[in-house]
Amino acid sequence: MMNKHNNRYRQRGMSLIELMISMTLGILIVAGMATLFMQNKNSYRQDEQIARMQEDARYALNLLVDDIELAGFWANLFDPTSITADDELTLTQDCGAAAGWLYSVDQAVTAYDKPDNANAISTVFSCITAGNHQANTDAIAIKRLEGAVTEVADLDNDTVYLQTNGVLGLLYEQDPGLTPDVVVPAPLANWKYIPKVYYVRSFADTAGDGIPTLCRYALDFDGATPTMAEECLAQGVENLQLEYGIDTDADGVANRYLSGPTAAQLASQLVSIRVNLLMRSLQEDVNYTNLKTYSVGNVDFDPPDDGYYRRVYTTTVLLRNPRNLQCMNTGNC
């Protein structure tokens, strides 16, 4: 009888010590799973921000490359110096330092090299609002035509085109009420004029929001009169640095890259442009402190010990029309 009673007693359940050990092990397992979950969540958030940053960088570079490589494209004109700007061309807002800059096609590339004063850019590109420019970043203006002929049936009113027969060229505004002063003999082709000015704005949507953004001013034809209108392209572009490939021995290859070339060098020796973008994540990670130094072209950038992820993206663009640039500015066609 005693043996049976003892067996039943030993099978009644867990002791207090065993229960405490089990609870402790359970807490450790749950804590480990929670830590793993948080690490995976933080890793996912980091990967997502970096992926978004890469997508914005790719998009920004594609836009810049498309315009830069076609800088100075004046269709099939053998001698671009034959282009005449019609006297009846209208414009609500110009963008250069001098009046009539937008319709003067002899300066296909205008460089602006990173002054630390955000207001200074308006002295070079008057369409950019003073103070909106991200200090210490470059800007560039590119003048060119669209890459395809516009058929006569597709011409839009209040839009600027280059009309050419391969020998003569007329920059004019399509408007039934306007008669160009110069008549270009047939056969004719019309090419849409699409100048642009790229720069980094210090905010995305609202002044002071702290999200640097790549923006541009482009010739807009929605109103009754063409104007330079702003459109923003990619958020998180913290710095833009451009280096200009200068060909000093006329072999078509850049001998050196300059961040601040002269107007004469841009006019007669420019063959390529190196684009450097410093991208920044849109959200700050409280668990991360950025202590790195970034080389962006000829500039070293030290982040202010914040929690933003950053990457530098660089590409070199070969100009397709260096002859046209040199012809327009030197007459050597």
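**Rings, cores and a sheet**

Analyst: R280 lies over the face of Y308, at 3.9 Å from the ring centre. A charge sits over a ring if NZ of Lys or CZ of Arg is within 6 Å of the ring centre and within 35 degrees of the ring normal. The model is predicted: local features need pLDDT of at least 70, side-chain atom pairs count only at pLDDT 80 or more, and totals for chains, interfaces and linings use all residues. Residues are numbered from 1 along each chain as its sequence is written, and side-chain values use heavy atoms, leaving out hydrogens and water.

User: What lies over the face of W101?

Analyst: K143 does, at 4.1 Å from the ring centre.

User: How many aromatic pairs are there in the whole structure?

Analyst: The search finds seven. Rings of Phe, Tyr and Trp (its six-membered ring) pair if their centres lie within 6.5 Å; planes under 30 degrees apart count as stacked, over 60 as edge-to-face and the rest as tilted. The ring centres of W101 and F125 are 6.1 Å apart with planes at 65 degrees, so this pair is edge-to-face. W101 lies in the loop between strand 1 and strand 2 (109-112), and F125 in the loop between strand 2 and strand 3 (139-142), so the pair ties together parts that are 24 residues apart in sequence. Strands (E, at least two residues) and helices (H or I, at least four) are DSSP runs, numbered from the N terminus.

User: Is F125 buried or exposed?

Analyst: F125 is buried, at 0% relative accessibility. Buried means under 20% relative accessible area, exposed over 50%, and partly exposed in between (1.4 Å probe, protein chains only). W101 is also buried, at 11%.

User: And which residues have the most contacts inside the largest nonpolar core?

Analyst: They are F125 and V275, in a core of 70 residues. Such a core is a set of buried Ala, Val, Leu, Ile, Met, Phe, Trp, Tyr and Cys residues joined through side-chain atoms within 4.5 Å. Helix 2 (residues 16-69) gives the most to this core, with nine residues.

User: Changing topic, what is the strand order in the open sheet of four strands?

Analyst: The order is 1-5-4-6, with mixed pairing. Two strands pair if DSSP finds at least two bridges between them. Strand 1 (83-85) and strand 6 (189-192) stand at the edges with a single partner strand each, so one side of each has no neighbour in the sheet.

User: How many bridges join strand 4 and strand 5?

Analyst: Strand 4 (residues 159-164) and strand 5 (residues 169-174) pair in the antiparallel sense over six bridges. L162 stands opposite L171 in strand 5.
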